[in-house]
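Biologist: Could you take me through this model feature by feature, giving the general idea before the particular case?

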Amino acid sequence: MMDLQSRKIEFIQEFLKLQSEEAISKLEKLLKKERNSAEENEMSPMSIEEFNKRIDQSLKDSKEGRVKSSKDLKSEIDKWA
């Protein structure tokens, strides 16, 4: 059985031989999906102190008018596409 490093090298060698644009695109999408999944799993919960600090800041922002309505936010998001 090969160790992880050997498997990576073998995979890269096979990848470099690929001539199919479609296969490369599929592998890119898979890699991106795995990377995003790994990042999500690495997230750690915030402390109670951080949570309360964020609540306080949000309440302050609201009182001082630094908010967006859901309608404005949706309109902004629609422009992204």
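Biologist: Which residues form a nonpolar patch on the surface?

Modeller: A patch is made of residues with over 30% relative accessible area and no salt bridge, like charges being joined within 9 Å and nonpolar side chains (Val, Leu, Ile, Met, Phe, Trp, Tyr) within 5 Å; accessible areas come from the Shrake-Rupley method with a 1.4 Å probe, and for residues only the protein chains shown count as cover. Here Phe 11, Ile 12, Phe 15 and Leu 16 form such a patch, with about 410 Å² of accessible area together. Ile 12 is found in helix α1 (residues 4–17), where helices (H or I, at least four residues) are DSSP runs numbered from the N terminus. This is a predicted model, in which local features need pLDDT of at least 70 and side-chain atom pairs count only at pLDDT 80 or more, while totals for chains, interfaces and linings use all residues. Residues are numbered from 1 along each chain as its sequence is written, and side-chain values use heavy atoms, with hydrogens and water left out.

Biologist: Which residues line the largest pocket?

Modeller: Rolling a probe the size of a water molecule over the atoms shows where empty space is left. On a 1 Å grid over the protein atoms alone, a pocket is an open set of points where a 1.4 Å probe fits, with protein on both sides within 12 Å along at least five of seven lines, and lining residues have an atom within 4 Å of a point. The largest pocket is lined by Phe 11, Phe 15, Leu 27, Glu 28, Leu 30, Leu 31 and Glu 34, and the largest share of that lining, 5 residues, comes from α2.

Biologist: How many salt bridges are there, and where does Lys 26 find its partner?

Modeller: Side chains of opposite charge can pair when their charged atoms come close. With a salt bridge taken as a side-chain nitrogen of Lys or Arg within 4 Å of a carboxyl oxygen of Asp or Glu, the count comes to 7. Lys 26 pairs with Glu 22, the closest N and O atoms being 3.3 Å apart; because the two are 4 residues apart in helix α2, they are separated by about one helical turn.

Biologist: Is Lys 26 buried or exposed?

Modeller: Buried means under 20% relative accessible area, exposed over 50%, and partly exposed in between (1.4 Å probe, protein chains only). At 54% relative accessibility, Lys 26 therefore counts as exposed, and Glu 22 is exposed at 52%.
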